[in-house]
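Subject: Structure handover

Hello,

I am passing the structure below on to you. Please look it over before reading my notes, which come after it.

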Amino acid sequence: MFDKSCKNMLVRGVNWIGDAVMTMPALRALRKNLPGAKISLLVRPWVAPLFENNPDIDEIILYEDRFDSLIGRFKLASLLKAKKFCSSILFQNAFDAALIAFLSGIPKRIGYSRDGRGFLLTNAIPFNRDDRKMHHVFYYLNILKNIGINIDTGYSHPCIYLSMEERLRARDVLKNLRRPVIGINPGATYGSTKRWPSERFAEVSKRIITELDGSVVIFGSKTETGIAEEIVSDSRLSALSPQTDPPGMGSSQLLILAGKTSLRELSALISECDILLTNDSGPMHIGYAVRTPLVAIFGSTDPSLTGPLGKEDVVIKKELQCSPCFKRKCDKQKMACMTSITPDEVFEAVKHLVPKNRAVFFDRDGTLCKDVGYLNKFEDLEIFKETEDLKALKEKGFKLIGVSNQSGIARGIVKEDFTKEVNKIFIEQYGFDAFYYCPHHPDEHCSCRKPEPVMILRARAEHGIDLKKSFVIGDKELDMLLAKAAGAKGIFVLTGHGAESANADYTAKNLKEAVEWILKNS
């Protein structure tokens, strides 16, 4: 069993972008169980940016190329030994991960007993092939479960924590494109069996531009620029002049960013897309980690193991006798698993996910009802009479959605069932379409607490919402920051404790005035 008295822990991360994203729920579970421990993450430089700003990690240690030699490994071990870690958890499967932990003199070394490394581990978790039949997110969580760490404290979706500056820079890059903006990731590092043909991406891109009157942004690494060039040079798209140096001159419907972004920039840009159309690849995993709706194409691999985790995401895969084969190249030279997927079905999947609804998002306490501190009894519930005016928004086709921080639940002041009952009143009596709330304590630094936009992004996927045509109404500055992060317009109401906002698009006396402004400006 794991010694929870350990206050200085090393986690050996994995080397692939997609795998790195899939370790995030395990890191979150580790932090929930060990809130006072220092958690350091040892990872390769090319995946490290995914973990920047992540509150579940205290330190990122880079496993640089200079440590690859035998002498380099001893230098790395010496560096780690000086940090006096008491435990190490190895998400990476390789022998090297266990060797480095052993050479570093870390007393507790925990990981799967595979790749001939069991003798180097103090907690060697039995491994059999059935362990690889679970989704890889749970493969990593299973390590923690086997050492007595509670993973049933509530599943945490992978999250890449983007700063406001990163979001705004990405939005600026895409600002001249017609919406909907569809990101396309036509590459896959693993091999050709994970790549849908370029000419088919070109056909779908053409239909996005001509039939949806939308835009296409083509992503890819520096080694995948040739794939992007194949797509744009295809006769279906060659009539359009792609924009290659944003925000420069060129087409307002086709933008080529392959080979032009860092990993953080790619993550922020994907987050600003309305949909990501992608092969099974690292950017696919980034897509669901930033909550962008996905259409994911699978060929030689299995979505039950590495597929997207969003409920509304679409996976397209053909059930063939030879698939999944998990091979980099097709033995039959036919690639039937990919060529049997048609542009028509992919385009229809994209079309289905295009956001068509506008929404107004509301904070609760201080916006819809009187802010009494922690609302925990019905006698204190005073709903503002102006809430009746929200029906005018419904009549104009807006969805009404609540988004509320409710840390009183985690503090033990408010019962969660009570919160649900109050929110239910707004759904049943005032026509709200949904009501989301964050039950966590601020010290948990969860991804759903405002001003992080996860509650709004969930609503986007579940209700088909175009955030750029939507509004946020709230009485706190964090509500206005939420609007800014999501790309919606923010309306600050003076019905709570706040008197002014530096980030609001408009300040209203009350809900009635806010509704009038929305109807006038939409």
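The notes below cover a pocket, a sheet and a helix.

Please keep in mind that this is a predicted model.

The largest pocket has a volume of about 1300 Å³. Its lining counts 46 residues, and those closest to the pocket centre are Trp16, Ile17, Gly18, Asp19 and Thr189. By type, the lining of this pocket holds 19 polar, 16 nonpolar and 11 charged residues. At least two lining residues come from each of the helices α1 (17–22), α5 (136–146), α9, α10 (282–289) and α11 (303–306).

Sheet. An open sheet is built from six strands with parallel pairing, in the order β9-β8-β7-β10-β11-β12. At its edges lie β9 (254–256) and β12 (314–316), each of which pairs on one side only. From one strand to the next, the twist averages 15 degrees. Strand β8 (residues 215–218) pairs with β9 in the parallel sense over three bridges. Ile218 has Ile256 of β9 as its bridge partner.

Helix α16. This helix spans residues 454–463 and is largely enclosed by the rest of the structure, because seven of its 10 residues are buried. The buried residues are Val454, Met455, Ile456, Leu457, Ala459, Arg460 and His463. Their cover includes the helices α9 (263–272) and α17 (477–486). It also includes the strands β13 (359–362), β14 (399–405), β15 (434–438) and β16 (471–474). Just after α16 comes Gly464, with a positive phi of about 60 degrees.

Regards

Note on methods. Residues are numbered from 1 along each chain as its sequence is written. This is a predicted model: local features need pLDDT of at least 70, side-chain atom pairs count only at pLDDT 80 or more; totals for chains, interfaces and linings use all residues. Side-chain values use heavy atoms; hydrogens and water are left out. Buried means under 20% relative accessible area, exposed over 50%, partly exposed in between (1.4 Å probe, protein chains only). Helices (H or I, at least four residues) and strands (E, at least two) are DSSP runs, numbered from the N terminus. Contact means heavy atoms within 4.5 Å. On a 1 Å grid over the protein atoms alone, a cavity is a set of points where a 1.4 Å probe fits but cannot get out, and a pocket is an open set with protein on both sides within 12 Å along at least five of seven lines; lining residues have an atom within 4 Å of a point. Grid points are joined across faces, edges and corners, and a volume is the space filled by probe spheres set on the points. Ala, Val, Leu, Ile, Met, Phe, Trp, Tyr, Cys and Pro count as nonpolar, Asp, Glu, Lys and Arg as charged, and the others, Gly among them, as polar. Two strands pair if DSSP finds at least two bridges between them. Axes are lines fitted to C-alpha atoms, for helices over the stretch in contact, and angles run from 0 to 180 degrees between N-to-C directions.
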